[in-house]
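This report describes the architecture of a single chain, from its overall dimensions to the pairing of its strands. The sequence and structure are shown below.

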Amino acid sequence: MTLHPGLNPPEFSTRIKSIENNIVHLDETYCYPRGGGQPGDRGYFSTEQGTKVSFAEVLPGNWIGHPIEDSNEFETGQDITCHIDQVRRNAHARMHTAQHIVSALAEDIWGAETVGNQLTVENSRVDLLFEDKSVFDPDKLVTTVNEILKRNIRVNVHEWERNKIIQHEQMRHTKFMDRIPASITELRVVEVEDVDLCPCAGTHVGNTSQIPSIRFLGKKNKGKGRVRFAYEFEI
Ligand SMILES: [Zn+2]
């Protein structure tokens, strides 16, 4: 399967592999299933006969699931075209790359580790773990992130071997890799050149110039050393 871009994913043709409990499984899909703090794609299926059926948030599983309201609309083996909601996907891709930069700079400036994150179309939050959270300055984080965003930095997606990822000196967030089955030997790595490098299966922009500036929305204490930092885009 070729890699689709994170922004403006094109429609694609495929076949219905199975339908179970109003969940459609496709022979292949480019839809992003909910995971890693990023919501799943939504969109619609169309057929040559003119049928159009929306699918709700795409879900992970052994086989990626596309929930529809009425499974009588389709049958197994049918050819369909899948249209991903590009506005929603583009918002998530911009938010996700911005989140990587937020997390990278919080680590570089204060040594704060990202211990959770949740993206939406409108805003995002990142849970940061500090040794001493009194040092955290949200305005400084926003200013520094926005300086990076303005620099037109390329964002590259790699498929790298597990060992190369674990041994790479600049690689962040490798702790969770213990939970990935050993049978998976190659993983996606997302690189914001000279800013961040980490394993991630999410969708991303191709250049930081495609991301608006961020604006501080608020912060909350989430227990010892933990701060929830929330932001939105300027436009
Ligand atoms: Zn990510």
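A residue is called buried if 20 or more other C-beta atoms lie within 10 Å of its own, exposed if 12 or fewer do, and partly exposed in between, with C-beta atoms placed from the backbone. By this criterion, 30% of the 235 residues of the chain are buried. The model is a predicted one: local features need pLDDT of at least 70 and side-chain atom pairs count only at pLDDT 80 or more, whereas totals for chains, interfaces and linings use all residues. Residues are numbered from 1 along each chain as its sequence is written.

**Overall form**

The chain contains 3 helices and 13 strands; these are DSSP runs numbered from the N terminus, helices being H or I of at least four residues and strands E of at least two. The C-alpha trace spans about 60 × 40 × 35 Å along its principal axes. Two residues are in contact if their C-beta atoms, placed from the backbone, lie within 7 Å. Among contacts between residues at least 6 apart in sequence, 67% join residues at least 24 apart.

**Domains**

An automatic or database domain assignment provides the bounds, dividing the chain into domain 1 (12–84) and domain 2 (89–233). Their C-alpha centres lie 29 Å apart.

**The six-stranded sheet**

An open sheet of 6 strands has the order S4-S3-S6-S1-S2-S5, with antiparallel pairing. Strands S4 and S5 (66–67) stand at the edges, each with a single partner strand, so one side of each has no neighbour in the sheet. Strands are taken to pair if DSSP finds at least two bridges between them.

| Strands | Bridges | Facing residues |
|---|---|---|
| S3 (43–46) and S4 (52–55) | 4 | Phe45 and Val53 |
| S3 and S6 (79–84) | 4 | Phe45 and Cys82 |
| S2 (23–26) and S5 | 2 | Val24 and His66 |

S3 and S4 form a hairpin with 5 residues between them, and Gly50 in the turn has a positive phi of about 95°. In a regular strand the side chains alternate between the two faces of the sheet. In S3, Gly43 and Phe45 make up the covered face, while Tyr44 and Ser46 belong to the uncovered one.

**Nonpolar cores**

A nonpolar core is a set of buried Ala, Val, Leu, Ile, Met, Phe, Trp, Tyr and Cys residues joined through C-beta atoms within 7 Å. The largest such core has 27 residues, of which Ile101, Val102, Leu105 and Val145 touch the most other members. At least two residues of this core come from each of helix H1 (86–110), strand S8 (123–129), helix H2 (138–149), strand S10 (186–192), strand S11 (196–199) and strand S13 (226–233). H1 gives the largest share, 8 residues. Leaving aside neighbours within four places in sequence, Val102 is in contact with Val126, Leu141 and Val145. Another core, of 12 residues, lies apart from the largest one and has Val24, Cys31, Val58 and Cys82 among its members.
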